[in-house]
Amino acid sequence: MRKKSIAYDKAKKFAIRIIELKKWLCEEHREYSIADQILRSGTSIGANIAESFDAVSLNDFSNKLSIALKECSETKYWLEIMFESRLLDEERYNSFYADCNELYLILSSSVKTLSEKKNQASQLSTLDSRFTTLD
């Protein structure tokens, strides 16, 4: 296995935990709908990070990380729903939520940095086009 990034490694570990949570929800609570929802969003975080490594452009890379960030937000939502409906006890909820929030902070920082880089590149491109039209 190759090491990708801190976000990738954390998202992969989180996905494995989410898979275990899904199994537990189905076996212990016979809860399938919410279990399927959190499985999709919780494993999609890492899948989108992995896909970003093969991005064809800075915009493509940024879009994949933005999708991972949105999936992180959705996963936090489902964790809140499971806690408030008493499917998760406080200890399990806090553990999952902390891991998900850590991923959220990493991804939001990355998306913000990429957005700033794209804005700088756009400004440079605009300046460059102004100078080339003066020739």
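Contact here means heavy atoms within 4.5 Å. By this rule, Trp78 touches Ile34, Gln37, Ile38 and Ser41, with residues up to four places away in sequence left out of the count. The model is a predicted one. Trp78 lies in helix H3. Its relative accessibility is 16%, so Trp78 counts as buried. Along the chain, Trp78 and Ile34 are 44 residues apart.

The overall fold is described next. The protein has four helices and zero strands. Read from the N terminus on, the order of elements is α-α-α-α. Helix H1 spans 6–29 and helix H2 spans 33–52. Helix H3 covers 58–84, and helix H4 covers 90–132. The protein has 135 residues, and 32% of them are buried. Contacts between residues at least 6 apart in sequence were also examined. Of these, 72% join residues at least 24 apart.

The largest nonpolar core holds 29 residues. Within this core, Leu21, Ile45, Ile49, Leu79 and Met82 touch the most other members. H1, H2, H3 and H4 each supply at least two residues of the core. The largest share comes from H1, with eight residues. Ile49 gives a detailed view of the surroundings of one core member.

The packing of H1 and H3 was then considered. Two packed helices are described by the angle between their axes and the distance between the axes. The axes of H1 and H3 come within 14 Å. They cross at roughly 35°. The crossing of H1 past H3 is left-handed. On the H1 side, the contact is made by Phe14, Ile18, Leu21 and Leu25. On the H3 side, Thr75, Leu79 and Met82 take part. By class, this contact has six nonpolar residues and one polar residue. No charged residues belong to it. Leu21, Leu79 and Met82 of this contact are also among the core residues that touch the most other members.

Cysteines were examined for bonding. A disulfide is a covalent bond between the sulfur atoms of two cysteines. The structure holds zero disulfides. The cut-off for a disulfide is 2.5 Å between the sulfur atoms. Seen from Cys100, the closest cysteine sulfur is that of Cys72, again at 3.7 Å. Cys72 is buried, because its relative accessible area is 0%. Cys100 also counts as buried, because its relative accessibility is 0%.

Arg30 sits in the loop between H1 and H2. Its phi is near 50°, a positive value in a residue other than glycine. Arg30 has 61% relative accessibility, so it counts as exposed. Arg86 sits in the loop between H3 and H4. Arg86 is not a glycine, yet its phi is positive, at about 70°. With a relative accessible area of 73%, Arg86 is exposed.

How values were computed:
Residues are numbered from 1 along each chain as its sequence is written. This is a predicted model: local features need pLDDT of at least 70, side-chain atom pairs count only at pLDDT 80 or more; totals for chains, interfaces and linings use all residues. Side-chain values use heavy atoms; hydrogens and water are left out. A nonpolar core is a set of buried Ala, Val, Leu, Ile, Met, Phe, Trp, Tyr and Cys residues joined through side-chain atoms within 4.5 Å. Buried means under 20% relative accessible area, exposed over 50%, partly exposed in between (1.4 Å probe, protein chains only). Axes are lines fitted to C-alpha atoms, for helices over the stretch in contact, and angles run from 0 to 180 degrees between N-to-C directions. A crossing is left-handed if the near helix is turned anticlockwise from the far one by less than a right angle, and right-handed if clockwise. Ala, Val, Leu, Ile, Met, Phe, Trp, Tyr, Cys and Pro count as nonpolar, Asp, Glu, Lys and Arg as charged, and the others, Gly among them, as polar.
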